[in-house]
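Notebook open. I take them one at a time.

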Amino acid sequence: MDRVSKLASDRAVVIFSMSSCCMCHTVKRLFCDLGVNPAIYELDEDPSGKDIERALARMIGRNPPVPTVFIGGRLVGPTDQVMSLHLGGKLIPLLKDAGAIWL
């Protein structure tokens, strides 16, 4: 959990992902299309990816836990929560407050 917290606070937006996951690709694409340059951690390419995956699963109560998004060091959640924020018009203000976008 400490490693996840440290990584999650490294940048304004942090995405924990698996390189072969279609929902991960969708979330990463959304943030890139919004002009965000997130830190992306591909758990299947990280030697300690399994440990991070277990910690994320405990945090969000889901398995598999990817994609998991942190904005401003705070857990936003998986795809459904990110999309809900976006469709509700709350994602952009959250990104602005975190300093991830300026427009």
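**Entry 1: strand β3**

I looked at strand β3 (residues 68-71) and asked which of its residues are buried. T68 and F70 are buried on one side, V69 and I71 on the other. Both faces of strand β3 are therefore covered, given that buried means under 20% relative accessible area. I note here that the model is predicted.

Next, the partners. Strand β1 (residues 13-17) pairs with β3 in the antiparallel sense, over four bridges. I picked out one of them: F16 has T68 as its bridge partner in β3. Strand β4 (residues 74-77) also pairs with β3 in the antiparallel sense, here over three bridges. On that side I found V69 opposite G77 in β4.

I then checked the hairpin of β3 and β4. Two residues lie between the strands. G72 takes a positive phi near 60° in this hairpin.

**Entry 2: rings**

How many aromatic pairs are there? I count two. I started with F16 and Y41. Their ring centres are 5.5 Å apart and their planes stand at 25°. Planes under 30 degrees apart count as stacked, so this pair is stacked. F16 belongs to strand β1 and Y41 to strand β2, so the pair ties together parts 25 residues apart in sequence. I find F16 buried, and Y41 as well.

The other pair is F16 with F70, and its geometry is edge-to-face. The centres are 5.8 Å apart, with 80° between the planes. F16 lies in strand β1 and F70 in strand β3, so this pair ties together parts 54 residues apart in sequence. F16 and F70 are both buried. I log F16, Y41 and F70 as one aromatic cluster.

**Entry 3: F31**

I moved to helix α2 (residues 22-33), where F31 lies. Is F31 buried or exposed? F31 has a relative accessible area of 0%, so I log this residue as buried.

What does F31 touch, leaving aside neighbours within four places in sequence? I list V13, I15, V36, P38, V69, I71, V82, L91 and L95. Two of these contacts, V69 and I71, take me back to strand β3, where they share one side. I also took one distance from F31, to A8. The two are 23 residues apart in sequence and 16 Å apart in space, C-alpha to C-alpha.

**Entry 4: E42**

I found E42 in strand β2. Its relative accessibility is 17%, so E42 counts as buried. Which residue does the side chain of E42 meet in a salt bridge? The partner is K28, at 2.7 Å from N to O. E42 lies in strand β2 and K28 in helix α2, so the pair ties together parts 14 residues apart in sequence.

Not counting residues up to four places away in sequence, E42 touches S17, M18, S19 and K28.

**Entry 5: other salt bridges**

I count six salt bridges in total.

D46 forms a salt bridge with R3, with the closest N and O atoms 3.7 Å apart. This pair links distant parts of the chain, 43 residues apart. D46 sits in the loop between β2 (39-42) and α3 (49-60), and R3 in helix α1 (residues 2-8). R3 has 40% relative accessibility, so I log R3 as partly exposed.

E53 forms a salt bridge with K50. The closest N and O atoms are 3.8 Å apart. Both residues lie in helix α3, three residues apart, about one turn of the helix. Which end is buried, and which is exposed? E53 is at 13% relative accessibility and so counts as buried. K50 is at 57% and so counts as exposed.

How values were computed: Residues are numbered from 1 along each chain as its sequence is written. This is a predicted model: local features need pLDDT of at least 70, side-chain atom pairs count only at pLDDT 80 or more; totals for chains, interfaces and linings use all residues. Side-chain values use heavy atoms; hydrogens and water are left out. Buried means under 20% relative accessible area, exposed over 50%, partly exposed in between (1.4 Å probe, protein chains only). Contact means heavy atoms within 4.5 Å. A salt bridge is a side-chain nitrogen of Lys or Arg within 4 Å of a carboxyl oxygen of Asp or Glu. Two strands pair if DSSP finds at least two bridges between them. Rings of Phe, Tyr and Trp (its six-membered ring) pair if their centres lie within 6.5 Å; planes under 30 degrees apart count as stacked, over 60 as edge-to-face and the rest as tilted.
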